[in-house]
Amino acid sequence: MCVTGTRKNVAMTTLTPLSPLSVIDALRGDRSSRPAADTTSAAGLRARLEDGIYEILGDESPTSPLVVRASSLRQPSRTTDLSMSALARMRGVLVNQLLRLLCVGFRPDCTFDNALDAWRGDSGADDLLSQLDRLDDEERARLATDVTAHGLALSRALGDVPSRWMPRSALRASQRLGGGRVILRDVIDLMVGTNGCGSATVALFDVTTSPLSEGAERTMRYHALVETLRSSVVPLRTSTFSTATGELWTLDVDHGMLQRSADEVLAVVNDTWSSR
Amino acid sequence: MTTLTHRRHTSERLNELIASAPRGGACLTDDHRRALAARFRGVGATGHRRLDAWTVEHAGRRSGPFRWNPATTRRGIGNAALRRIASRPGLSTCDAIRDEITDQLLRAVAGYARGGSLASWLASAPPAVIALVSSEAQNWVTQTLEVTDRLDQPWSMAPSDAYYDVATARTTLRGRRDLVIGDGDARVLVRFRAGAPGKSAGPGLRADLIIETLAHPGGVAPSRIIGLWPEAGVSLCVDGTMADLRAGARDLVRTAVVQHRQSALKAA
């Protein structure tokens, strides 16, 4: 029985082979509207963090440094998140490997196998990788299908990454604060642009296989903060893409956003220190 | 007194560090070389000893068995690609990396690559891993170009690392170097490092300094050696003074002693 009136049924979602605007185009934006590179904010942010850490820790020295990561900001430490299950983490790692391959123009013929080869070649012995090897056929097939679907969403959205935009993937950064008592660690999935010119051109890109939430926004700010502290230059924009929903969130980086992120980092330091 | 300067890494500060380097480093004579060889011979060795900044920084601890992976290939392939870009201006980073990887693969196919070499490993790696090798090299090349594009003074890629065989002491010293700024006796060396500098980063730089000086035909030390840690946004430097050279040599000998003791304990 048809419950929809004649000529009233239309497709809810339309997929076109090419996105009208790729993620890369959105990241780089309009070349003429880029602001001048901000090379002065980093010192103030560092001072704000140093002062805040001193207020929290005082003269006390933890036996091991307090480490803040992007995942520390994603969710309160006492909540359970299904996206942190082993299968979800495997999917996340594989999709990240896929991003690295796509950035150098590699066209995967079998998404799951290529991403898995890259993971094996990259890390050698790895707990998560050995868990993957122990999956039964059914779980493995489910993971392969999942990764292929997420990979397809990513490759469709990403578009070609021109090498003249200086793409760098899986970039690590670490910042010691409070005399080494607090360490900010970060891995940026993809960075395009360079700090070499007078205007802000660096765009940061993060990929997640989970739907976007408030935590993703905090993570975007954190990436911008750590990159500012690392390079002493404020990046142009920070963005995150969900391969689950196809959503892309992009924020232009300004001083207010970086200050907010510094406060969020201090809140994490405070929580971690008081729970010790 | 030894020198060790710590700065946040920005292009302006790097140019300042290069411009403010003392003119001309200290000079090692044949007597210095003979004295160092005697020290190494005095340590004793069970096999051929290889020392570098890494072993000095890790207090003589031997590294685990070496395994090629995309991260361990990035410096070799990245620097080779940068040399290609320097000799052929206009060549894109992507093409330079691809040409370098292709050359390595051709070497393996032609039978010139020995087992365990980068070329033979690449030849046996799946295409996805080779793409990951390109990605790592791309990171290395871009980070280096980001630095060199803003250098005020002429620079060149170091043709290779510095090696020095200590006469009759069964010891090979390896000093890593990436960029050479200026030339001759007034050269400044730059080394790119991963991660963040630890407490022994200074001794590591001094080890590179003394090895570079020993490998120099005239025994002339570079004016300054700068270690850049782009991931941490930090740079450290030491000057080519006699005090720093002596400290570097002492650290290398001390590392050899620790390694010898560890080998003796293992054998017992």
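The following dialogue asks how the labels given to this predicted model follow from its computed values.

Colleague: What conventions apply to numbering and confidence?
Modeller: Residues count from 1 along each chain as its sequence is written, while chains are lettered from A and ligands numbered from 1 in the order in which they are written. The model is predicted, so local features need pLDDT of at least 70 and side-chain atom pairs count only at pLDDT 80 or more, while totals for chains, interfaces and linings use all residues.

Colleague: Why is Leu173(B) called buried?
Modeller: A residue is buried if 20 or more other C-beta atoms, placed from the backbone, lie within 10 Å of its own, exposed if 12 or fewer, and partly exposed in between. Leu173(B) has 27 other C-beta atoms within 10 Å, so it is buried.

Colleague: Where is Leu173(B), and what does it touch?
Modeller: Leu173(B) sits in strand β5 (residues 171–175) of chain B. Strands are DSSP runs of E, at least two residues; helices are runs of H or I, at least four; both are numbered from the N terminus. Not counting residues up to four places away in sequence, Leu173(B) touches Leu51(B), Asp52(B), Tyr164(B), Val166(B), Ile211(B), Leu214(B) and Leu252(B). Contact means that C-beta atoms, placed from the backbone, lie within 7 Å. Ala53(B) is 120 residues from Leu173(B) along the chain, yet their C-alpha atoms are separated by 9.1 Å.

Colleague: What makes Gly184(B) exposed?
Modeller: Gly184(B) has 8 other C-beta atoms within 10 Å, so it is exposed. It lies in the loop between β6 (179–181) and β7 (188–192) of chain B. Its C-alpha atom is 18 Å from that of Tyr163(B), 21 residues away along the chain.

Colleague: Why is Asp152(B) given the label partly exposed?
Modeller: Its count is 13 other C-beta atoms within 10 Å, so Asp152(B) is partly exposed. Asp152(B) is in the loop between α7 and β3 (155–157) of chain B. Asp152(B) and Pro222(B) are 70 residues apart in sequence and 18 Å apart in space, C-alpha to C-alpha.

Colleague: How do you know that α4(B) and α5(B) pack, and at what angle?
Modeller: Helix α4 (residues 70–87) and helix α5 (residues 93–109) of chain B pack at about 120°, with axes 8 Å apart. Axes are lines fitted to C-alpha atoms, for helices over the stretch in contact, and angles run from 0 to 180 degrees between N-to-C directions. Residues in the contact include Ile77(B) and Ala81(B) of α4(B), and Ala96(B) and Ile97(B) of α5(B). By class, this contact has seven nonpolar, one polar and three charged residues. Ala, Val, Leu, Ile, Met, Phe, Trp, Tyr, Cys and Pro count as nonpolar, Asp, Glu, Lys and Arg as charged, and the others, Gly among them, as polar.

Colleague: What hand does the crossing of α4(A) and α7(A) have?
Modeller: Right-handed. A crossing is left-handed if the near helix is turned anticlockwise from the far one by less than a right angle, and right-handed if clockwise. α4(A) and helix α7 (residues 137–158) of chain A pack at about 40°, with axes 10 Å apart. Leu94(A) of α4(A) and Val147(A) of α7(A) are among the residues in the contact. That contact divides into eleven nonpolar, three polar and two charged residues.

Colleague: What makes a set of residues a nonpolar core?
Modeller: Its members are buried Ala, Val, Leu, Ile, Met, Phe, Trp, Tyr and Cys residues joined through C-beta atoms within 7 Å. The largest such core has 132 residues, of which Leu94(A) and Ala81(B) touch the most other members. Helix α7 (residues 127–148) of chain B gives the most to this core, with ten residues. In soluble globular proteins, nonpolar side chains tend to be buried together.

Colleague: How is chain A divided into domains?
Modeller: Domain 1 is 23–78 + 162–275 and domain 2 is 82–158. The bounds come from an automatic or database domain assignment. Their centres, over C-alpha atoms, are separated by 25 Å. Each domain supplies 14 residues to the contact. In chain B, domain 1 is 5–62 + 153–267 and domain 2 is 70–141, with 26 Å between centres.

Conventions
Two residues are in contact if their C-beta atoms, placed from the backbone, lie within 7 Å.
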